Amino acid sequence: MPDASGLLALGQALDQYLLGEYSPPPGTQTALGFVPGVAVNPSSFAPTGVVNPLAVQTFLNSVANVLGPVVDGRFAGFMSAQQIYGMVIDVASPLDAPGTPAADAFLSVKNTARSAFGASPVKQLVAIPMNWYDAANTEGWASFTTATREGAGEEEATSTGDTPSTPPVATPPIVAPTERFEQLWRWRTLDEAALADVVIPAQEAVGEVSEPVVVRDHRVETYQPQVFDHRSVDLSGVTVRDHRSLSGVVRNGSATQLRAVASVRPLMSRSVAAADVAEVDASATQVLARAPRRQLVAALAEDQPGFAANENVMVRSQSLAHLIRVETPVLVAEIDDDAETSSSQSVESHELNLSLEYCFVQVSREAWWNDAVLRMPRWYAPGCRSGAFSSGASVGGLPLGVPIAMVLTRNVSVTGQWSEADRSAAESHTSFGPWSMHDSAMSYEESTDTATLTIPGMQVVAVVCALLPQLAPADDPVLGPVAGGATQG
């Protein structure tokens, strides 16, 4: 990286270090993907002094319950994790003949998974440490420092704090940062039109209830589909202050574009004005997250693509395959073009020192996610070729990942001989690398001609994704051989 800025070299060092420090579950292939920083406001999780479980679950679902590709060290999600999982356990069919031991074994695992998955679209995540949002918490936190020397691209890193008790498992590193990776490690101004807030009423934690509570569409009063949440968390007050519409319905074997303009759905344009979204006094609300809206898609029920329940299995599986085929290149293009920003500027300074505290927050879906179903070898999706839902880690494919850990940072400090352009950029840009600059400060020491950028608050800056295996692992037998006479699966 002879021409890389100091920030890019720091980013490379941080990427490599985090990859080495995280120990994934045995047999799990992972990839680290940075995201534009999502600020964590500790007071929003316990506004009355008592932790609100709704706030915790809403944040986790918004940030960590999404599925998407990891491209050159950046993660972008486009659908909730339970959508592809629910579809798999719905349409997966055994290759072996009905009544054979192999087929019966597969159907037994599938039926067990379906029972655990349940009918409710609201899926709970468990985070460890459980009090990860508490500013006073020290569990799981460690320190990292690194510095660039004269000649960008040469860095040295040291670390202190707790390290994993088990040896790290090799994970795909960023071998040579490409232009896409470089776009993140710059001064950036996020486009307001691409942002969204996740907001809930500032109320006391919800207590136990004897009856299932009704979950309403949380964006506009016009749409009120009713489903049932069998947990004691009332989601009826969840609001998303959206700045552009995103809607998609998959029916009759075709997937509509997710990023439809508001004019296509006139009623959805009400969501542009926060006052029209919910009749709630602004002083009585909590903003849990503000981030690029594609990161928050799992919290936007209206925005998630829907699948017609009355369609046959073949149509539904083909619809999901088409959606993934259409949306994955869109996300890659957004990363390529850095479409989330209205402006960006390279960091001129080369000699920089980075120090921060970091924490891996484990995210578990064990209550409703059975990995054994996804990894069973002899099944197919009706009407689809192998790999229609996920290409796996094969060469040339673009595997999909689901977050199994969030990477939090706090007390970030970047010290060096900042250029005048960089000191000016600190005042005019909203992001620095993966960090949001909303609570940052730049101080200057004239005697040493050094300046220090500090970002004290907690932010989610990356996710560790478990890469999905090849889904489906085999072709639908009725499709016959692929072109050229070879068979897949």
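Which charged end sits over the ring of tryptophan 141? In this predicted model, the answer is arginine 410, whose charged end lies 3.9 Å from the ring centre. A second case involves lysine 123, with its charged end over the ring of phenylalanine 117, 3.9 Å from the centre.

The whole structure holds 19 aromatic pairs. One of them joins phenylalanine 34 and tryptophan 185, edge-to-face, with 5.3 Å between centres and 80 degrees between planes. This pair links distant parts of the chain, 151 residues apart. Phenylalanine 34 is in strand β1, while tryptophan 185 is in the loop between α5 and β9. Both residues are buried. Phenylalanine 45 and phenylalanine 59 also pair. Their planes stand at 70 degrees, so this pair is edge-to-face too. Phenylalanine 45 is in the loop between β1 and α2, and phenylalanine 59 is in helix α2. Phenylalanine 45 has a relative accessible area of 0%, and phenylalanine 59 also has 0%. Elsewhere, Tyr17, Tyr22, Phe144, Tyr358 and Phe360 form one aromatic cluster.

Next comes a sheet. Its 4 strands run in the order β18-β9-β23-β24, with antiparallel pairing. The sheet is open, and β18 and β24 are its edge strands. Strand β9 is joined to β18 by 4 bridges. Within β18, serine 343 is the bridge partner of threonine 189. Helix α9 lies across β9 and β18, at about 20 degrees to β9.

Finally, look at serine 93 in strand β5. Serine 93 counts as buried because its relative accessible area is 18%, under the 20% cut-off. Its side chain reaches the backbone oxygen of valine 91 at 3.1 Å.

Technical notes:
Residues are numbered from 1 along each chain as its sequence is written. Side-chain values use heavy atoms; hydrogens and water are left out. Helices (H or I, at least four residues) and strands (E, at least two) are DSSP runs, numbered from the N terminus. Buried means under 20% relative accessible area, exposed over 50%, partly exposed in between (1.4 Å probe, protein chains only). A polar contact is a pair of N or O atoms within 3.5 Å; within protein, one must be able to donate a hydrogen and the other to accept it, and residues adjacent in sequence count only if both atoms are side-chain atoms. Two strands pair if DSSP finds at least two bridges between them. Contact means heavy atoms within 4.5 Å. Axes are lines fitted to C-alpha atoms, for helices over the stretch in contact, and angles run from 0 to 180 degrees between N-to-C directions. Rings of Phe, Tyr and Trp (its six-membered ring) pair if their centres lie within 6.5 Å; planes under 30 degrees apart count as stacked, over 60 as edge-to-face and the rest as tilted. A charge sits over a ring if NZ of Lys or CZ of Arg is within 6 Å of the ring centre and within 35 degrees of the ring normal.
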